[in-house]
Amino acid sequence: GLADFGICTWTSTQAHSTVAYGGANQELLVAWINFPAGVPSYVSARRVFADGSGFPPGDGFAVWSGAQPADFPDVAYNGARAEYLVTWDVFLSSSNVDIYAQRVSAGGILVGTFLVVAGWDDVEEMPAVAASAPADQYLVAWHSDRGTAGVNPAIYARHVGGDGTLGTVHLIDDTTAPE
């Protein structure tokens, strides 16, 4: 078997890693949250050769950083475009958390600008993303307390086209018990 190796050996705290396989380059994209001292947490990523032989040239890169902390990343690979979609939530306040996304090429280059997948004035958090190459799109799902002040979160989802076009938001499930 292969020996263990560090994906990120920075001195800051790393957490909440996620990974997707990219067939075009026979690689994995690992994304995580970086918690450096004195600045808001942000989304980092690094490509890893699928055979375990190391990394493409360069070190990890920031997928998104801003004035507010990020958390709970997820990543999916779209074979139709040889691209990944990385999602995460951004803590704007205790009553306002939004879902963001960023396309990343198989070469580790950010494609376009970040997307606001869910940006209501409520808490939308903990996104999950999946890709469909035949449809050239992603589906991002999350839970939200939209209009309930945390009393009754529901599950929502939104298609994101391979080109970054945002589709309609759909309510997936809303029961009287918190999801």
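Reader: How many bridges join β5 to strand β6?

Author: Seven bridges join them, and the two strands run antiparallel. As a general idea, strands of a sheet pair through backbone hydrogen bonds, either parallel or antiparallel. Two strands count as a pair if DSSP finds at least two bridges between them. Strands themselves are DSSP runs of E with at least two residues, helices are runs of H or I with at least four, and both are numbered from the N terminus. Before going on: this is a predicted model, in which local features need pLDDT of at least 70 and side-chain atom pairs count only at pLDDT 80 or more, while totals for chains, interfaces and linings use all residues. Residues are numbered from 1 along each chain as its sequence is written, and side-chain values use heavy atoms, with hydrogens and water left out.

Reader: What is the mean confidence in β5, and what is the average for the chain?

Author: Confidence is expressed as pLDDT, the predictor's confidence in each residue, from 0 to 100. The chain averages 89, and 88% of the residues score at least 70. Confidence is highest in β5, at a mean of 98, and lowest in β1, at 88.

Reader: Why is β5 described as largely enclosed?

Author: Burial is read from relative accessible area: buried is under 20%, exposed is over 50%, and partly exposed is in between, with a 1.4 Å probe and protein chains only. In β5 (residues 70–78), eight of the nine residues are buried, so the strand is largely enclosed by the rest of the structure.

Reader: What is the strand order of the sheet that holds β5?

Author: The order is β5-β6-β7-β8, an open sheet of four strands with antiparallel pairing. The edge strands are β5 and β8 (110–118), each pairing on one side only. From one strand to the next the twist averages 20°. Such angles come from axes, which are lines fitted to C-alpha atoms (for helices, over the stretch in contact), and run from 0 to 180 degrees between N-to-C directions.

Reader: What is the order of the sheet that begins with β1?

Author: Four strands form an open sheet in the order β1-β2-β3-β4, again with antiparallel pairing. Its edges are β1 (13–22) and β4 (61–64), and each of them pairs on one side only. Neighbouring strands of this sheet are turned by 30° against each other on average, direction ignored. Eight bridges join β1 to β2. Ala20 stands opposite Leu29 in β2.

Reader: How many salt bridges does the structure hold?

Author: A salt bridge is a side-chain nitrogen of Lys or Arg within 4 Å of a carboxyl oxygen of Asp or Glu. The structure holds three. One of them joins Glu27 to Arg47, with the closest N and O atoms 3.1 Å apart. Glu27 lies in strand β2 (residues 27–35) and Arg47 in strand β3 (residues 42–49), so the pair ties together parts that are 20 residues apart in sequence. Glu27 is buried, with a relative accessible area of 1%. Arg47 is buried as well, at 15%.

Reader: Which side chain meets Arg81 in a salt bridge?

Author: Asp136 does, at 3.0 Å from N to O. Arg81 is partly exposed, with a relative accessible area of 34%, and Asp136 counts as partly exposed at 22%.

Reader: With which residue does Glu83 form a salt bridge?

Author: Its partner is Arg103, with the closest N and O atoms 2.9 Å apart. Glu83 lies in strand β6 and Arg103 in strand β7 (residues 96–105), so parts 20 residues apart in sequence are tied together. Glu83 is buried, and so is Arg103.

Reader: Which backbone oxygen lies 3.4 Å from a polar atom of the Arg47 side chain?

Author: A polar contact is a pair of N or O atoms within 3.5 Å; within protein, one must be able to donate a hydrogen and the other to accept it, and residues adjacent in sequence count only if both atoms are side-chain atoms. For Arg47, the backbone oxygen in question belongs to Gly107. The Arg47 side chain also makes a polar contact with the side chain of Glu27, at 3.1 Å. Contact in the wider sense means heavy atoms within 4.5 Å. Leaving aside its neighbours within four places in sequence, Arg47 is in contact with residues including Asn25, Leu28, Phe55, Pro56 and Gly108.
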